Amino acid sequence: MLAALEQARLAPPLGDVPIGAVVLDETGAVVVATHNRREVDGDPTAHAEILALREAGLARGRWHLGGCTLVVTLEPCTMCAGAVVLSRVDRLVYGAADPKAGACGSVTDVVADPRLNHRPAVTSGVRADECGRLLKEFFAARRR
């Protein structure tokens, strides 16, 4: 989570929401580390999770990311939760819950839907206070 938080801190200077993500391989080594890039890329899908999964697939030479763990500072939205399922990562770890758009237990639970063919293990609340504080500070500064 520390690597994801480090990535999240890179987003605000670029005008983006401080969300970071890393993909770890079977040994726990970082495959890729990313942060939100919607503003910089002009891409509504450039969420940290999507970028991390995309780059991990390229780095590993395959879309199937079995054996990998996705670590992200904020609970994934519906789009990102769908990508988690489709990428076949073994595990999702996230920090702060998202009571407005979270799709891994808060608003809905895409990753646990029994109708889907893959359900990753989920660990929530890792360094949640620190992850949440980063977001609160970002949005407070934007309102000033």
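Tutor: A crossing is left-handed if the near helix is turned anticlockwise from the far one by less than a right angle. In this predicted model, the crossing of α3 and α4 is left-handed.

Student: What makes α3 and α4 roughly parallel to each other?

Tutor: Helix α3 (residues 48-60) and helix α4 (residues 78-87) pack at an angle of about 20°. Angles under 35 degrees count as roughly parallel, and α3 and α4 are therefore described in that way. Their axes are 9 Å apart.

Student: Which residues of α3 and α4 make the contact?

Tutor: Glu49, Ile50 and Leu53 come from α3, while α4 supplies Met79, Cys80, Ala83, Val84 and Ser87.

Student: How much space lies in the largest pocket?

Tutor: The largest pocket holds about 560 Å³ of space. It is lined by 23 residues, and Leu74, Ala97, Asp98, Leu135 and Phe139 are the closest to its centre.

Student: What classes of residue make up the lining of the largest pocket?

Tutor: The lining has 12 nonpolar, three polar and eight charged residues. Helix α5 (residues 128-143) gives the most to this lining, with seven residues.

Terms used
Residues numbered from 1 in each chain as written. Predicted model: local features only at pLDDT ≥ 70, side-chain atom pairs only at ≥ 80, totals over all residues. Heavy atoms only, no water. 1 Å grid on protein atoms, 1.4 Å probe; cavity = no way out; pocket = protein on both sides within 12 Å on 5 of 7 lines; lining within 4 Å. Points joined across faces, edges and corners; volume = space filled by probe spheres on them. Helix = DSSP H or I, 4+ residues; strand = E, 2+ residues; numbered from the N terminus. Nonpolar A, V, L, I, M, F, W, Y, C, P; charged D, E, K, R; others polar. Axes fitted to C-alpha atoms, helices over the stretch in contact; angles between N-to-C directions. Parallel < 35°, antiparallel > 145°, perpendicular 65-115°, else oblique. Contact = heavy atoms within 4.5 Å.
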